[in-house]
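Subject: Structure for you to look at

Hello,

Here is the structure I promised to pass on. My notes follow below it.

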Amino acid sequence: MFSLDPKLEAKIKPHVKRVLVLESNQAYARILTDMLRVLGTEKTIVETDDRRAMMICEDMDPQLIFCDLRAQNLEGAKFVTAVRRSDMKCRKIPIIMMASNDLPETLKEARDCGADEIMKKPFASGDLLKRLEHAVTKSPPWIEAVMYVGPDRRRFNSGAGPRKRAPDNMSDGMKRIEQSVRILRAAADQFDVDRKQANRAIVAQLEVLVPACKAISDPGFKSAVTEIFMAYKGGTLSGDSLRGPVATLAKLFRIDDPPKSEAVA
């Protein structure tokens with residue numbers, strides 16, 4: 001069906017053993033399934049209903065998902081969002097969205113729900129290989145926020161949106177810390193609205209901020225992070241308990257914009 005570079009095949013093959021395809025068009029589903037078989041896929045399940053697909057994810061634990069953006073009985077963006085916010089093992093796997101166009105609004109919808117890549121239909125083997133290579137071998141950092149859960153969408157292949165919001169003269173390490181503070185502030189703001197995801201976001205940011213206490217000498221930074229960490233360990237996290245230390249961190253980084261942005265746009 002297509003010529004595959006042996007080095008690329010070796011990279012892709014371990015990541016495509018079990019694949020779930022959400023596609024209502026039988027012709028597209030068959031073409032994609034045939035292509036995946038050539039790449040070494042051992043089990044492919046094709047589904048046309050996003051509700052059944054969630055149950056399949058639980059049983060199958062796919063390594064990769066292809067999902068149509070929109071079709072009858074299938075709301076791709078809602079499905080991807082649900083997967084990313086679920087407790088399933090596969091919540092962080094690569095997801096490639098498929099759509100009939102690549103208009104800015106389509107790219108934005110796919111990006112905002114947490115998809116890794118978007119592939120325009122009809123697609124050729126070269127399109128598939130390009131998306132697969134990016135999705136399974138060049139995965140970006142994971143963002144665990146409240147308003148957004150998924151791969152760092154600033155690296156999304158649409159090229160849309162600002163690459164970063166931190167000052168250009170800030171080191172990469174400090175940019176990551178600054179983004180964690182932004183996400184933490186949004187989690188505090190939304191804690192009582194979506195407690196489960198806020199907790200997830202807080203834990204993820206503590207994994208960045210606690211080690212940063214060794215590199216940042218400001219005593220206010222360490223004190224604020226310690227206060228949040230101790231509240232988490234003691235099971236006393238709340239929107240009110242977070243606001244004080246989070247405000248201290250935001251002030252240190254001169255973050256003044258609304259907290260709900262989460263620094264991932």
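Where is Asn-73 found? Asn-73 lies in the loop between strand S4 (70-71) and strand S5 (74-75). Helices here are DSSP runs of H or I with at least four residues, strands are runs of E with at least two, and both are numbered from the N terminus.

Before the rest, the ground rules. This is a predicted model, where local features need pLDDT of at least 70 and side-chain atom pairs count only at pLDDT 80 or more, while totals for chains, interfaces and linings use all residues. Residues are numbered from 1 along each chain as its sequence is written, and side-chain values use heavy atoms, with hydrogens and water left out.

Backbone points

Asn-73 is not a glycine, yet its phi is positive, at about 65°. Asn-73 is partly exposed, because its relative accessibility is 45%. (Buried is under 20% relative accessible area, exposed is over 50%, partly exposed is in between, with a 1.4 Å probe and protein chains only.) Arg-254 also has a positive phi, near 55°. Arg-254 sits in the segment after H10. Arg-254 is exposed, at 74% relative accessible area.

Lys-121 and Pro-122 are joined by a cis peptide bond, with omega about -5°. Pro-122 is in the loop between strand S7 (117-120) and H6.

Helix pairs

H2 (residues 26-39) packs on H6 (residues 125-137) at about 60°, with axes 11 Å apart. The two are therefore oblique. (Under 35 degrees is roughly parallel, over 145 roughly antiparallel, 65 to 115 roughly perpendicular, and the rest oblique.) H2 brings Leu-32, Met-35 and Leu-39 to the contact; H6 brings Ser-125, Leu-128, Leu-129 and Leu-132. Contact means heavy atoms within 4.5 Å. By class, this contact has 6 nonpolar, 1 polar and no charged residues. (Ala, Val, Leu, Ile, Met, Phe, Trp, Tyr, Cys and Pro are nonpolar; Asp, Glu, Lys and Arg are charged; the others, Gly among them, are polar.)

H7 (residues 172-189) and H10 (residues 239-252) pack at about 155°, with axes 9 Å apart. That makes H7 roughly antiparallel to H10. Val-181, Leu-184, Arg-185 and Ala-188 of H7 meet Gly-239, Leu-242, Arg-243, Val-246, Leu-249 and Ala-250 of H10. This contact has 7 nonpolar, 1 polar and 2 charged residues. For both pairs, axes are lines fitted to C-alpha atoms over the stretch in contact, and angles run from 0 to 180 degrees between N-to-C directions.

Whole chain

The protein chain has 10 helices and 9 strands. Of its 265 residues, 48% are buried.

Best wishes
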